[in-house]
Amino acid sequence: MASQSKWILAAIRCAFLISIAAPAPAGEILYNGIELPAPWPPADAGMKPGEPMPIPYLKEPPAVIPIDIGRQLFVDDFLIQSTTLHRVHHLAELYEGNPVVKPDQASDKAGKGSMAMPFSDGVWFDPKDQLFKMWYIAGYMTQTAYATSRDGLHWEKPALDVKPMTNVVHVGVRDSSTVWLDLEESDPGRRFKMWTISGPNKGWRFTLHFSPDGIHWGEPVLQTAACGDRSTVFRNPFRKVWVYSLRTMGGSRARRYWEVRDLLAGPQWAQLTDATPWLGSDRLDPKREDLQVTPQLYNLDAVGYESVMLGLFSIWHGDKNIPPGRPKPNSICVGYSRDGFHWDRPDRRPFIGVSESSSDWNWGNVQSVGGCCLVVGDKLWFYFSGRSGMGPKNRDAGGATGLAFLRRDGFASMEAGAEEGSLTTRPIKFSGGHLFVNLAAASGELRVEALGQNDTPIAPFTAENCRPLRLDKTLVAVKWNGESDLAKLAGQAVKFRFHMKSGALYSFWVTSDMNGASHGYRAAGGPGFTGNQNQ
């Protein structure tokens with residue numbers, strides 16, 4: 001009888017796991033022509049311990065790639081059939097006025113050490129109030145606070161009514177947290193969403209809260225099963241799913257994957273091993289020369305940016321045998337995904353790294369922020385946290401918030417020297433008619449032509465008939481003599497061939513908007529944007 005009961009319980013458990021692991025429909029076609037395998041997410045992603053993640057869509061790209069959503073970035077070879085240009089990856093540049101937010105309030109100095117830093121949390125531009133808004137840890141693991149800014153550089157900590165006369169908006173022991181400004185949400189009471197990792201005595205787990213203003217958070221509407229402490233959440237806007245980026249518990253730091261379409265009705269994992277094994281560090285992540293410790297993946301924050309998912313990977317470089325008082329020398333690296341699951345990380349240098357000076361505010365433990373970056377004019381703004389290690393009781397104290405900049409679309413460029421080079425795309429299709437590029441060629445030149453069957457130039461969209469571009473702008477239209485736009489090629493499979501010398505090409509896109517709106521996703525927003533997409 002006992003054995004029969006065990007069998008029944010096992011059968012129930014199996015049926016439960018099948019029910020919660022409902023995959024995406026077989027053969028789901030994404031916005032960029034990629035077809036998802038079944039089941040989804042893939043139970044076996046072809047991962048081998050210590051090896052880079054295989055990227056199936058780079059090995060076998062779609063026969064024709066739709067490009068109607070977003071600026072098309074050259075971060076990988078997805079769009080490239082052939083080229084004589086060379087790719088250059090670029091790093092963020094730190095703001096000279098860092099840190100922009102310091103632990104200067106009494107509430108920032110609670111607990112075991114001072115902190116005023118997002119531990120993911122979030123920095124967003126709210127078009128409703130025309131404000132930059134930040135959520136951060138105030139005091140070591142004790143509470144969440146809120147700050148605002150009109151220019152993104154100078155921040156105020158308003159006196160609110162949640163914890164009277166402070167800027168604290170949520171009280172309680174916490175580790176990681178994610179705050180999301182959801183501009184696709186139809187219920188105004190759920191416009192802001194906050195997942196907080198709490199409850200260490202019963203095991204770390206998410207609690208989900210909703211808010212209409214990001215200040216007044218209701219009671220928890222959901223509590224998940226256990227997960228690792230540095231777990232986070234992000235929205236994949238291309239597939240309209242929420243993704244739990246779950247830290248594994250025990251062993252090397254790595255991530256497991258869980259997606260839902262409906263936050264409340266969507267299935268939850270019963271135990272962490274129900275979630276799909278996903279990401280870790282690999283042999284291409286360099287060791288620090290002073291530590292020679294095998295790196296690990298501490299966290300992944302992600303967001304939709306233009307036509308790709310942008311990922312910020314916090315890489316752990318060691319914990320023990322580091323100078324006394326120094327926080328973990330974690331750094332932020334960058335990666336990209338075109339299906340939301342497989343991540344390409346072509347540049348393993350720290351995109352935003354730690355300082356090597358013990359007197360600096362970011363001497364250790366640099367971590368990314370929820371929402372990842374904002375689009376501000378011709379720049380991308382990346383807020384991040386760092387720790388000085390100057391706390392008398394806690395080497396992780398002294399947390400503050402910094403800012404770094406990158407050219408818009410500036411993660412990678414395809415470049416040519418004085419001798420002309422070219423880049424030919426794979427077959428693409430579009431519904432718009434206006435071609436734009438992000439180009440730095442003030443001392444050089446770019447011409448573009450459209451190719452049809454057998455790579456034959458399509459008149460009048462030839463290189464000879466193209467008006468040469470000799471400038472440095474993040475948005476500039478490509479024109480041909482005698483033709484106002486590319487509308488006659490809409491819906492056809494064509495290729496573009498870019499001819500360039502002494503320049504750098506960052507992205508291209510075709511749009512129906514004469515002013516160049518790409519209809520791509522704009523990460524955590526920015527001045528001038530009113531919706532979730534660049535319009």
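Pro 99 is found in the loop between strand E5 (93-94) and strand E6 (116-126), where helices (H or I, at least four residues) and strands (E, at least two) are DSSP runs numbered from the N terminus. This is a predicted model, in which local features need pLDDT of at least 70, side-chain atom pairs count only at pLDDT 80 or more, and totals for chains, interfaces and linings use all residues. Residues are numbered from 1 along each chain as its sequence is written, and side-chain values use heavy atoms, with hydrogens and water left out.

Pro 39 sits in the loop between helix H1 (2-20) and helix H2 (56-59). For context, most peptide bonds are trans, and most residues other than glycine have a negative phi.

Positive phi values turn up here too. Asp 409, although not a glycine, has a phi of about 65 degrees and belongs to the loop between strand E24 (399-407) and strand E25 (412-416). Its relative accessibility is 1%, so Asp 409 counts as buried (under 20% relative accessible area; exposed is over 50% and partly exposed in between, with a 1.4 Å probe and protein chains only). Cys 372 has a positive phi near 65 degrees and lies in the loop between strand E21 (364-367) and strand E22 (374-376). Cys 372 is buried as well, at 3%.

What about the cysteines and disulfides? A disulfide is a pair of cysteine sulfur atoms within 2.5 Å, and by this rule the count is zero. For Cys 227, the closest cysteine sulfur is that of Cys 372, 19 Å away, which is too far for a bond. Cys 227 is buried at 0% relative accessibility, and Cys 466 is buried at 3%.

Stepping back to the whole protein, the secondary structure comes to two helices and 33 strands. The radius of gyration is 24 Å, close to the 24 Å that the globule rule gives for 535 residues, so the protein is as compact as a globular protein of that length. Here the radius is taken over C-alpha atoms, and the rule is 2.2 Å times the number of residues to the power 0.38. Along the principal axes, the C-alpha atoms fill a box of roughly 70 × 65 × 50 Å. Buried residues make up 59% of the 535 residues.
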